[in-house]
Amino acid sequence: MQKDLFSLEGKTVFITGGSSGIGEASAHECANAGARVIISGRNRERLDDVLASLKGEGHSALVADITCDADIERIIKELPALDGFAHCAGMTMNALLKFSNWQDIEAVLDTNLLCTIKLSQALIKQRKINKGGSMVYISSVLASVAFPGLSAYCASKAGMQGFVRVLAVEMAARQVRANTISPGSVQTPMTQAASEGRSEESIKADLAKYPLGYGVPQDIACAVRYFLADASRWVTGTDFVIDGGMLHYR
Amino acid sequence: METLIENLKANVDALEDVELTAQTDFVHLPQWDSLALLSTMAMIASEYGVNIESQAIAGCKNLVDLETLINSKR
Ligand SMILES: NC(=O)c1ccc[n+]([C@@H]2O[C@H](COP(=O)([O-])OP(=O)(O)OC[C@H]3O[C@@H](n4cnc5c(N)ncnc54)[C@H](OP(=O)(O)O)[C@@H]3O)[C@@H](O)[C@H]2O)c1
C-alpha cells in the first residue's frame with residue numbers, strides 16, 4: 001500500500017499557543033492525523049481542556065510563558081525529540097504609533113519576534129528537532145500589508161519571515177525544513193478581542209476586503225499539518241499566504 | 001583530538017553523523033560546504049577563543065592540522 005504522505009503517524013509535534021485559536025485547531029488537526037502532540041501556553045486550565053479533547057493517546061501539555069527565559073529553559077529540558085514544531089503563540093496590540101506606549105510595542109516585538117528566535121535557537125542548540133523534521137511559524141499576511149494601528153505587529157511578523165528564511169538555510173544540513181504561514185483574518189479569540197470597540201461600519205469594510213470571507217482556525221491548521229507532514233519534504237524557506245484572496249484583491 | 005572531534009560533531013550539523021578521526025580530510029568530505037565552514041569557524045571562536053580564517057581551514061589536510069592551527073593561535 002502507498003504511504004499517506006499527509007499522515008503524521010509516528011511523529012511527535014510541539015505546538016505553542018496550543019490552547020486557543022489557530023494553535024488549538026492545529027493540535028486537533030495533528031492529533032487527527034496520528035501525531036503525538038505536545039501543546040503549550042500560559043494558562044493551565046485552557047491547556048487541560050484542549051488536551052482532554054484531543055483524539056488519540058500520549059498527548060501532553062507544558063505550561064510556559066515564552067517571554068520568560070526560565071520557562072524556555074525548563075520546557076527545552078522536558079521536551080522529547082521532536083519531528084515537528086508549530087509556533088502559534090503570539091499576541092497583538094492595536095494603537096496608532098503616535099499613541100502607542102513603548103511597553104506595548106516592546107511586548108509585541110518580544111512575544112512575536114524575539115522569543116520566537118530565542119525558542120527556536122534553544123530547540124536547535126539542544127538538537128531537539130529530529131533529522132527530516134519540520135518547523136512552521138504562524139506569521140501574518142500583515143507582514144506585507146499596511147494596516148493602520150498595527151505597526152509593531154506588522155514589523156514583528158515581517159521580522160519572523162526574515163528569520164525563518166535564514167533558519168531554513170541553516171537547518172538544511174540536518175534536512176530540517178522551516179517555513180511560515182501567513183493567515184489573513186481568522187475568527188479566533190485574538191480577532192474577536194481586536195474587533196471589540198470597532199464600529200459596525202469599519203468591521204463591514206474590513207470583511208469586504210476578503211473575496212472568500214474571513215477564515216476559521218481549521219483553514220490554517222490544515223496547512224500546519226501539510227508543513228509537518230512528509231508531503232512538504234521539498235518545501236523550505238517559503239511563506240504560504242492563506243487569506244481568502246485578500247492580499248491581491250483590489 | 002577527542003575533544004575537537006566531539007566539538008565538531010556537536011556544533012557542525014553536516015559532520016554530526018560522519019565518522020571522524022585525526023586523519024580525516026574533512027574539507028574534502030562530500031558533506032563539507034560553506035555552512036559547515038562557517039559553523040566550524042564559529043565553534044572554534046566560542047570553544048577555543050581564537051579566530052581562524054577560512055583560507056587557513058581550507059588548507060588543512062586533516063584534523064591534526066586543524067588542531068595544530070588552533071593551538072598555534074592560543
Ligand atoms: N487570528 C488571526 O486572524 C491571525 C491572522 C494572522 C496571524 N495570526 C497569528 O496566529 C497566531 C495565533 O493567533 P490566534 O488568533 O489563534 O490567537 P489566540 O486565540 O489569542 O491564541 C494565542 C495563543 O498564544 C498563546 N500565548 C500568547 N502569549 C503567550 C506567551 N507569552 N507565552 C506562551 N503562550 C502565549 C495563548 O495562550 P495563553 O494566553 O494561555 O498563554 C494562546 O494559546 C498568532 O501568532 C497570531 O499573531 C492570527
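Buried here means under 20% relative accessible area, with exposed over 50% and partly exposed in between (1.4 Å probe, protein chains only). With that in hand, welcome to a predicted model, in which local features need pLDDT of at least 70, side-chain atom pairs count only at pLDDT 80 or more, and totals for chains, interfaces and linings use all residues. Residues are numbered from 1 along each chain as its sequence is written, and side-chain values use heavy atoms, leaving out hydrogens and water.

- Among the buried residues of H8(A) are Pro217(A), Ile220(A), Val224(A), Arg225(A) and Phe227(A).
- The cover over these buried residues includes helix H1 (21-32) and strands S1 (12-16) and S4 (82-87) of chain A.

**Around the ligand**
- Of the 29 residues around the ligand (a heavy atom within 4 Å), Ser20(A), Arg42(A), Tyr153(A), Val186(A) and Thr188(A) come nearest.
- The shell has 11 nonpolar, 14 polar and 4 charged residues.
- H6(A) gives the largest share of the shell, 3 residues.

**Distances to ligand oxygen atoms**
- A side-chain N or O atom of Thr188(A) is 2.5 Å from an oxygen atom of the ligand.
- For Val186(A), a backbone N or O atom lies 2.7 Å from a ligand oxygen atom.

Notes: Chains lettered and ligands numbered in written order. Helix = DSSP H or I, 4+ residues; strand = E, 2+ residues; numbered from the N terminus. Contact = heavy atoms within 4.5 Å. Polar contact = N/O pair within 3.5 Å; in protein donor to acceptor, adjacent residues only side chain to side chain. Nonpolar A, V, L, I, M, F, W, Y, C, P; charged D, E, K, R; others polar.
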